[in-house]
Amino acid sequence: MDGKAELARGAGYRSEESQRTFTLVAGVLGALFFILQFVVPIGAMFLVMPRMFAGMEFTRFELEGASSWRGAVYLVEVTERVESAGRKAAKTRLVRLGPTGVEPVVDLAGWKPHLLADGPRLWLVSSDRMATFDGAQLDPLDVGVPRGDLSAPFLYAGRPAAVESRPDGASLLTWSEGRWTLVRPVVEPEACCTQFVAVGESVAAFRQEGNTLYTRDLDAAQESWTVVASQPSQWRAFLRNGRPAVVVAGEEGLHLLAPEEQRWRATPLGPSGDRRMLSGLTALELEPGGPITLLTSGWPGSIRRQSWNGTALDDGQRFGRGSAFPDEIMTMMWLPHLLTPLLSLVLALILSWLMRVHRVGVHVHEGREVPHASLTRRALSQLVDAALLGAPAVWAFTRFFVAADPEEMFGPGGGPLRFFGLMAGAVAWGFLLLAAFSVGEGWWGVTPGKWLTGIRVVGTDLRPCGLGRALVRNVLKLVDGFFNFLIGILMVAYTRDWQRLGDLAARTVVVRTAAGGWRALTGTGGPTS
């Protein structure tokens, strides 16, 4: 054997040619699989996600157009179905919030009207269409020429009314004798951004400019705007005991504001901070002078109905789902990322075969030879141990994220505390299992995965490595585990004794167990501390 061949043999290769071939092929494979760790998930998402989204349905509720009628809350439910080429087809229906859930009332065939109740009828109003609902059927009305932008409708002198915005100004309209009738022009050019409440023939306008909510009488053109509240995140004007009132959500929670002499008096409705992340808010009276019914939405897929009886806000009832997204959406987003661990497993299988061909597969100490554990066995062992180690974290993640229920995760009632508590429990489980694995490897050389695959961790002297070295070995798995254990796989492939970084630091090797078990492997009566 010449000098170069002897050097190759000493480095763990069968020959100089094997060393050259293996080094080149393993290096190319390592670079290729490193790139694939990034390319495959992104490519899979671009290829799969559009097809997965096709056919999905996203549901939300139109809180701004809600109304109370016959002692119940009515509103419009919008369901958008994603079609091919990214197009969306919307389905709408009139629904009622019943004691057990959302009750469908009538199909609206894509129409998204505002609702207004006047006693015997429920009006459905938009700029180009109108209809009435008597509890049994929907009766369309001929509106004639489509109107400009209409505000949310309100009752004016007992008749449906709205403020119309056009480029040449704004007008107060009422529905009379089967058509929209002009009452008078008004100085309110942006009806779409303003809410109106009428008491008889007096109309109060509410609008937010910057961080301040203002109001004034719509008929008093020269009257200045009066400040109602500062820094509201959501607000809704409505009639309370026959007078204008506003429910405001801000950093300090929900408040009811009502006029009192020359100012607006604020009454707290709930604990501070209950509704800091609202996307929608509506306030209604189911019965004149009765409790206030609040509809709030933190996420588009659900609403919460609560009642305020003058002293306390109840816990309410939740309708719909915690998210507008389907349950499968989070699963679909994470599935492509599961391909990267599979890539590492494929690389381990390929390199394991190449190592059988080109590498010397035994560890020698004081004349005794023990076969190295193959990369295939080590990878399968790692999968088993990782499943045990990460099971609680996966469960917690699935419980909160895959369910796609943001209200459960971050809503009121301790959602964040529950989530982070479970995650803390998962981390504690991880540390506990890390210690247990270190004890098992230090004293007996095994973990559940290693026991199942028939491999052992021992010191380079083929004796038990002890708890301290096993702990070092496991802690450094954080480094070996970079890029789904790509670092550890390549280190095992290139080092003489098939050692990853943790093995080098702890002076350990991973070997295949002989049929005679521990006594045959070590030549001792058992592990020593």
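Author: A search of the whole structure finds 18 salt bridges, where a salt bridge is a side-chain nitrogen of Lys or Arg within 4 Å of a carboxyl oxygen of Asp or Glu. The model is predicted, so local features need pLDDT of at least 70 and side-chain atom pairs count only at pLDDT 80 or more, while totals for chains, interfaces and linings use all residues. Residues are numbered from 1 along each chain as its sequence is written, and side-chain values use heavy atoms, with hydrogens and water left out.

Side chains of opposite charge can pair when their charged atoms come close. To say how covered a residue is, we call it buried under 20% relative accessible area, exposed over 50%, and partly exposed in between, using a 1.4 Å probe and protein chains only. By this rule R96 is partly exposed because its relative accessibility is 25%, and E103, at 23%, is also partly exposed. E260 and R265 form another salt bridge, with 2.9 Å from N to O; E260 is partly exposed at 36%, and R265 is partly exposed at 40%.

The salt bridge between E441 and R473 has its closest N and O atoms 3.3 Å apart. E441 belongs to helix α7 (residues 415-443) and R473 to helix α9, so this pair ties together parts that are 32 residues apart in sequence. Helices here are DSSP runs of H or I with at least four residues, strands are runs of E with at least two, and both are numbered from the N terminus. E441 counts as buried because its relative accessibility is 1%, and R473 is buried as well, at 2%. Through shared partners, salt bridges join R378, E441, K450, R473 and D503 into one network.

Turning to the nonpolar side chains, the largest nonpolar core has 19 residues, of which F22, L347, L351, M355 and L375 touch the most other members. Such a core is a set of buried Ala, Val, Leu, Ile, Met, Phe, Trp, Tyr and Cys residues joined through side-chain atoms within 4.5 Å. Two or more of its residues come from each of α2, α4 (339-358), α5 (375-402) and α11, and α4 gives the largest share, six residues.

Finally, there is an open sheet of four strands in the order β18-β19-β20-β21, with antiparallel pairing, where two strands pair if DSSP finds at least two bridges between them. Its edge strands, β18 (234-240) and β21 (263-268), each pair on one side only. On average, neighbouring strands of this sheet are turned by 30 degrees against each other, direction ignored; the axes are lines fitted to C-alpha atoms, for helices over the stretch in contact, and angles run from 0 to 180 degrees between N-to-C directions. Seven bridges join β18 to β19 (residues 243-250) in the antiparallel sense, and F238 has A245 in β19 as its bridge partner.
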